[in-house]
Amino acid sequence: MPTPAGTEITFRVRPYRAPRWLRGPHIQTIGGKFLRPDPGIPLRRERLELPDGDFLDLDFAAAGSVAHDPEAPIVLVLHGLEGSARRRYMLVTYRELLARGLRPVGLNFRACSGEPNRLPRLYHSGDTDDLRFVVEHLADRFPGVPLGAIGFSLGGNVLLKYLGEEGEDAGRRLRAAVAISVPFDLTAGAATLERGLMGRIYTEYFLRNLRKKVRAKARLLEGLIDVQATLRARTLRAFDDVATAPLHGFADSADYYRRSSSAPYLERIRIATLLLQAEDDPFQPAEAIPRDAIARNPHIVAGFTERGGHVGFITRSGEPGNRGLRFWAEEEAARFLAAHLLPAPDARRADRRPGLEPEPAESR
């Protein structure tokens, strides 16, 4: 049997060190996007109909013995802002999970699977209702199978907020969770992205994709938001003022950020949760990390690093003569979940997966 909920498993986060040529926050962030490989994980898409008439698309790993093992634990993986379940950081995560005997399922937030959703609304950083629905769906569909979750960036914020909202009840469905590069304080994150050249570059990247979605749904949105003002927005705060807030029942961006930030929910989390966060994350200032709340909660393991950027965490392979790259956050997330979802002997074997030993410090 898998380790019962509440049973303590000693887990030590392995140290992270960036290669010398990848030590800046922006090169880690941008490198994380372009240097991650496509592991070639076959996926099978399923559409989940929602009670409000909309839909969500789920991507299931579709090849290999683990993917077809009905008793293998399941891990739901949530992407970040304007991502999808088929982004490379998601695919690398699936690879690491499969290698440790865990079945990955990628959740595409509304309008993120490549097809516009049916309703005027989209998704946002504090929307936990869809996650709650999917978790209940998976738990009912796979009774008795241990279930965990991983969230990246916006998806990590949604996951932590959900866990805090559920409190003790979260343990009825989820056994363990990991959140990576989380914008704990959305107000601080929005302000950070409004400063400097790189902040404007990141912002424009997100807004370019968001504008495409607004244009595609312009007829549905007319009368609900000011479409032209939305298309003119040059900051995420401005976009959230004229689009996200009115579409999802918030007074304005300030109200949206205050009610949707995950930081106030951390003390209520009651399942084993790993946080992986770089202090040089260009999307969230180090001073916005809620260290006191995290330290007070014995259910949270903090994996804070000096470097790593935003969903970067690129490191070198520890194999002699191998100049390839590895991705620390995905590895640590999979190790943590294997420790909590697998029977103890299997979890120990997964922790010693060949080729994933830490790289000696002197070789970095």
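This is a predicted model: local features need pLDDT of at least 70, side-chain atom pairs count only at pLDDT 80 or more; totals for chains, interfaces and linings use all residues.
Visitor: What makes the strands a sheet, and in which order do they lie?
Guide: Strands count as paired if DSSP finds at least two bridges between them. The strands themselves are DSSP runs (E, at least two residues), and helices are runs of H or I with at least four residues, both numbered from the N terminus. Here eight strands line up as β1-β2-β4-β3-β5-β6-β7-β8 in an open sheet with mixed pairing.

Visitor: Why are β1 and β8 said to stand at the edges?
Guide: Because β1 (43-49) and β8 (300-305) each have a single partner strand, one side of each has no neighbour in the sheet. Ignoring direction, neighbouring strands are turned by 20 degrees against each other on average. For these angles, axes are lines fitted to C-alpha atoms (for helices, over the stretch in contact), and the values run from 0 to 180 degrees between N-to-C directions.

Visitor: How do you know that β7 and β8 pair?
Guide: Six bridges join β7 (residues 272-278) to β8, and the cut-off is at least two, so they pair.

Visitor: Why is β6 called mostly covered?
Guide: Buried means under 20% relative accessible area, exposed means over 50%, and partly exposed is in between (1.4 Å probe, protein chains only). In β6 (residues 176-180), five of its five residues are buried. On one side those are Ala176, Val178 and Ile180, and on the other Ala177 and Ala179.

Visitor: Which way do β5 and β6 run, and how many bridges join them?
Guide: They run parallel, joined by five bridges, and Gly151 stands opposite Ala179 in β6. Five bridges also join β6 to β7, again parallel, with Ile180 partnered by Leu276 in β7.

Visitor: What is the handedness of the crossover from β5 to β6?
Guide: That β-α-β crossover, through helix α4 (residues 154-166), is right-handed. The name means that, with the strands pointing away from you, the path from the first strand over the helix to the second runs clockwise.

Visitor: Why is the pair Arg118 and Glu49 called a salt bridge?
Guide: The rule asks for a side-chain nitrogen of Lys or Arg within 4 Å of a carboxyl oxygen of Asp or Glu. The closest N and O atoms of Arg118 and Glu49 are 2.7 Å apart, so the pair meets the rule. Arg118 is in the loop between β4 and α3 and Glu49 in strand β1, 69 residues apart.

Visitor: Is Arg118 buried or partly exposed?
Guide: Arg118 has 37% relative accessibility, so it counts as partly exposed, and Glu49, at 43%, does too.

Visitor: What about Arg100 and Glu96: where do they stand on the salt-bridge rule?
Guide: Their side chains meet in a salt bridge at 2.9 Å, N to O. Arg100 is buried, at 4% relative accessible area, and Glu96 is buried at 3%. The whole structure has 31 salt bridges.

Visitor: What makes the link between Asp57 and Arg47 a polar contact?
Guide: A polar contact is a pair of N or O atoms within 3.5 Å; within protein, one must be able to donate a hydrogen and the other to accept it, and residues adjacent in sequence count only if both atoms are side-chain atoms. The side chains of Asp57 and Arg47 come to 2.8 Å, while those of Asp57 and Ser113 come to 2.7 Å. Asp57 is in strand β2 and, at 3% relative accessibility, counts as buried.

How values were computed
Residues are numbered from 1 along each chain as its sequence is written. Side-chain values use heavy atoms; hydrogens and water are left out.
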